[in-house]
Structure formats: structure tokens, C-alpha cells
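Have the structure open as you read.

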Amino acid sequence: MLLRVSPSPVVFSSCKRGLLNVTAFLRLNSIPVLYPKRALAGTTRKMTDLTAKTFTLNTGATIPAIGLGTWQSSPSDVAKAVEYALRIGYRHIDGAFEYGNEKEVGLGIRNSGVPRSEIFVTTKLGNSWHKRVEEGITTSLRDLGLDYVDLYLIHWPSSQKPENPGEVYDDWDYVDTWAEMQKLPESGRVKAIGVSNFGITHLERLLNAPSTKVVPAVNQIELHPCCPSPKLVEYCKKKGIHCSGYSPLGGSPESPVHKSKVVVEMSKKYGKSVPQILLAWGVQSGWSVLPKSVSEERIRGNFEGLKGWRLEDDDVRRLGAEVKERFKNCGDKWLPHRVFFGDDE
């Protein structure tokens, strides 16, 4: 016996213990059920909506898979960009003290009308603030106009002197900074703490330090097919550290990722723009992505262009394995010492 059921709920009263819907009755009697395609359509749309995806951090909190980056966004543009992004559905805003635009980012958050409780806000401790963690978070919260941030990161593993940023401290480094960072969640002003631009070398030393009691919730690093950092991503995964990818679109018009043969092939196959392919690849690879833009058209395309489809698993693998060109948008030459050691490949 084979029955086809309607997607609308239908009930009947032949069961002595009360009303059962048709599907439940058929299952109880081991009768195979065929569902019409349209009954599953809604489920399919939900499963492929990458804009609604979140990742669970080691704190138990969730971080939205897609966020708006604000690096190099001028104060005159970023407030409107943040406001627009939140109005169309973004729920993750990534900032930093060093970006010099926290006041405007906060203004955009307030002007959006989106409740603060629905927004995941990240900011970062500047390199010259490593000995002043308490002052650093207080300053950022004041500039943002917020009572708390969802994630506070050490921006770089580089503890530089405020009076001379070209020099690092002799008696202090990121391990000491992390010891101070660990105190912040107790105040309620910081929900989770993490790091940024940390390689395996830094993380190994940090996690093995006697003073380390808290594993970073996030490591924000540059991630795109020309900078995939597979060893570092896998290391973080094993340690329970979520990776968040900045410069997910390659970071620069000069990046070879835009012309990579396999990326262009995927763009044609799915009928999606190269940025949309790159963002889908990042999210489906397991990390949150932070595309930066102040253009309403691009902000919308980077978000709404990810609805209703997904890359096939084999194409996710190919983008990570077959793009051979290498390009790092954000290097360490501007720092007083090296922080990238090539241990991420």
C-alpha cells in the first residue's frame, strides 16, 4: 500500500486515543509515504540560506556566518554602510580600535533600529594597548556607544610601545596580554575573547602558558582560496577555536583569486559573481566571513547573493585544493617584528 499525502495538515478521528495527523498514522502502521516536492521546498530553501547560518563558539554563544568588515572604511562612509547592512539582514559587524572609525560604527548600529541583542559586535585591542587592556576596552566601548561587545580580540601578536610603536616591549608580550584579557568577561562588558593574526607558533605558546586558563573563542585571520591556511585552520579546529576570515574576497583588486581558473569556472557554473563564490566557499568550509564594503550595491550582493543556493561539496574541495596561486593581502612588514612564519600551509 502506498499513499501520497497533502502538505497541509489533515486530521481524522478513527483513533480511540484522540486525533492524529495523517502522516503520524501512516508511520504508526508502517505505510510508506510519498511527499510532494513542494512540501519539501521550504526545507530546501532554509538549508541553503547561508545568510542565516551561525557557528557555535567554545563559549556556547553563536556567531553569524556573514559579517560586515569595516577595515579601511572611512569614518564618513562607514556609519551609513553599517546602518544599511543591518537593515537588510546582516547581524555581525566587525571593527577595531586601530581602524579609527569606532564612533561611526556605533552610530550606524544605533541608526539601524535593529535591537542591540540581535547584533554580534566584534572589536579589537590595538598593538600599543597591550599593557592597557582595561583602558583599551573602556575606550572602545565609549567610542562605540555600547555597554558590551560580543567578541574582543587581540588584534596582532605584537606588543608595541605607545610612545614608540616601532619598538616592542622587552618585558611583555601577547601571553601577558592574554592573561589580562581573561579578566574581562567577568565584568559583562565582553562576552567572549579571542585573537587575530595568530599562527600556530603563537597559539602553541599561548595555550601552553601557565597563565592561560581560557582558550580563545576565535582566531580572525586572512582566508580566501589564495590564502587558505589549511594547517592553521585544522589546528584551530582541533583546539576548539573558531576561525573568522577577513579579506575573504582576496583583499585587493590585484589578488590573483579573481582570475583563478577554477574560481571563474565556478562563477559560470552557478551563475554567481566571483565574490559570491568566494563567500560561499568560506562559509561552507567552516568559518565566518567578513567582506568589507561601503557600497550599498556590494553590501547587498555579498549578502542576498548567498540566499537559495550552495556549492556542491566537491566544488568546495576543489576551490581549496586547485587554486595554486598564493597572495596575502595583509603582511607583517609594517610591524617591528615578524608574525607570519609560513606555518599555516
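How many cavities of 30 Å³ or more does the count come to? Keep in mind throughout that this is a predicted model.

1. **The cavity.** The count comes to 1 cavity of 30 Å³ or more. The largest cavity holds about 30 Å³ of space.

2. **Who lines the cavity.** If you want to click through the lining, go to Ile93, Asp94, Gly95, Ala96, Glu102, Val105, Val121, Thr122, Thr123 and Leu144. β9 is the top contributor here, with 3 residues. By class, the lining of the largest cavity splits into 5 nonpolar, 3 polar and 2 charged residues.

3. **The largest pocket.** Now for the open space: the largest pocket has about 940 Å³ in it. Its lining runs to 43 residues, and those nearest the centre are Trp71, Gln72, Ser247, Gly251 and Lys292. The elements that supply two or more lining residues are α10 (274-285) and α11. Of the elements, α11 gives the most, with 4 residues.

4. α8 (230-239), β15 (242-246) and α10 each put two or more residues into the lining of the second largest pocket. The largest share is from α8, at 5 residues. Here the classes read 8 nonpolar, 5 polar and 2 charged. Note that α10 is listed for the largest pocket and also for the second largest pocket.

5. **Ile299 on α11.** While you're at α11, have a look at Ile299, which sits in that helix (residues 296-304). Is Ile299 buried or exposed? Its relative accessibility is 1%, so Ile299 counts as buried, the cut-off for that being under 20%.

6. **What surrounds Ile299.** Setting aside neighbours within four places in sequence, Ile299 is in contact with Leu68, Ala81, Tyr84, Ala85, Ile88, Tyr90, Ser293 and Val294. Take Ala85 from that list: 214 residues separate Ala85 and Ile299 in sequence, yet their C-alpha atoms are 6.5 Å apart in space.

Notes
Residues are numbered from 1 along each chain as its sequence is written. This is a predicted model: local features need pLDDT of at least 70, side-chain atom pairs count only at pLDDT 80 or more; totals for chains, interfaces and linings use all residues. Side-chain values use heavy atoms; hydrogens and water are left out. On a 1 Å grid over the protein atoms alone, a cavity is a set of points where a 1.4 Å probe fits but cannot get out, and a pocket is an open set with protein on both sides within 12 Å along at least five of seven lines; lining residues have an atom within 4 Å of a point. Grid points are joined across faces, edges and corners, and a volume is the space filled by probe spheres set on the points. Ala, Val, Leu, Ile, Met, Phe, Trp, Tyr, Cys and Pro count as nonpolar, Asp, Glu, Lys and Arg as charged, and the others, Gly among them, as polar. Buried means under 20% relative accessible area, exposed over 50%, partly exposed in between (1.4 Å probe, protein chains only). Contact means heavy atoms within 4.5 Å.
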